[in-house]
Amino acid sequence: MDGLRLVGEEGFVDRPPCARCGATGCAWDRIGGAPVCPDCQAALSRGEGEAMRVPVGPGPCAVCGRSGSVALLTFPLRSAGPVEIDLCPPHFRALIRRGLDPSSYHQLGRRLRQLGLSADRVFLLHEAFYDAEGRALRPVPEVT
Ligand SMILES: [Zn+2]
Ligand SMILES: [Zn+2]
């Protein structure tokens with residue numbers, strides 16, 4: 001199973017502003033190549049603001065192996081370079097709203113450990129968002 005890889009730091013030393021709100025300051029995650037800050041990710045997962053056209057590639061989802069996935073590039077803490085995670089649309093939405101189900105959370109954690117990374121070094125999987133059992137603590141509320 002694929003869908004998760006370490007990417008060399010090369011080409012990622014600059015910190016382009018968020019493609020949606022223009023915020024600068026950090027190395028934002030990139031969704032389908034576009035930098036998107038955490039606030040805009042949360043807004044996106046609530047369905048707020050302009051809809052984002054997210055390119056879906058052929059690769060398998062890192063969580064469930066289903067083909068047809070969105071590439072999320074993220075910069076783990078104290079990592080030599082970013083990690084690219086391919087996720088099918090449902091798992092992508094669950095990850096950015098910080099609301100993965102426990103088995104998906106654990107699966108992603110296992111995959112990251114195979115790369116020598118712990119899940120809590122990835123912002124979207126931070127321990128503030130999930131407890132030790134992988135239960136989502138603070139998911140972005142779904143639009144009702
Ligand atoms: Zn933004
Ligand atoms: Zn999936």
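## An exposed alanine

A132 is exposed, with a relative accessible area of 68%. That value places A132 in the exposed class because exposed residues are those with over 50% relative accessible area. The model in which this residue is seen is a predicted one.

A132 lies in the segment that follows helix α3, which covers residues 102-114. The residues A132 and P102 stand 30 residues apart along the chain, and 9.4 Å separates their C-alpha atoms.

## Overall architecture

The protein contains 3 helices and 6 strands. Read from the N terminus, the order of these elements is β-β-β-α-β-β-β-α-α. The radius of gyration is 14 Å, which is close to the 15 Å given by the globule rule for 144 residues, so the protein is as compact as a globular protein of that length.

Along the principal axes, the C-alpha atoms fill a box of roughly 40 × 35 × 30 Å. Of the contacts between residues at least 6 apart in sequence, 55% join residues that are at least 24 apart.

## Surface, burial and charge

How much of the protein counts as buried? Of its 144 residues, 42% fall into that class. The accessible surface amounts to about 7,500 Å², and carbon and sulfur atoms account for 52% of this area.

Helix α1 spans residues 38-45 and is mostly covered, since 6 of its 8 residues are buried. The buried residues are C40, Q41, A42, A43, L44 and S45.

Against which elements do the buried residues of α1 pack? They pack against strand β2 (29-31), strand β3 (34-36) and helix α2 (89-96). Just after α1 comes G47, a residue with a positive phi of about 80 degrees.

## Two arginines with positive phi

R78 is not a glycine, yet its phi is positive, at about 50 degrees. This residue is placed in the loop that runs between β5 (67-74) and β6 (83-87). R78 counts as exposed, with a relative accessibility of 68%.

R98 is another residue other than glycine with a positive phi, in this case near 60 degrees. The residue is found in the loop between α2 and α3. Is R98 buried or exposed? R98 is buried, with a relative accessible area of 13%. The figure leads to this class because buried means under 20% relative accessible area.

## Cysteines

How many disulfides does the count give? A pair of cysteine sulfur atoms counts as a disulfide when the atoms are within 2.5 Å, and by this rule the count comes to 0 disulfides.

C18 is buried, with a relative accessible area of 3%, whereas C21 is partly exposed, with a relative accessible area of 45%.

Terms used
Residues numbered from 1 in each chain as written. Chains lettered and ligands numbered in written order. Predicted model: local features only at pLDDT ≥ 70, side-chain atom pairs only at ≥ 80, totals over all residues. Heavy atoms only, no water. Helix = DSSP H or I, 4+ residues; strand = E, 2+ residues; numbered from the N terminus. Rg over C-alpha atoms; globule rule 2.2 N^0.38 Å. Buried < 20%, exposed > 50% of the residue type's maximum accessible area, 1.4 Å probe, protein only. Contact = heavy atoms within 4.5 Å. Areas by Shrake-Rupley, 256 points an atom, 1.4 Å probe, with all protein chains shown as cover.
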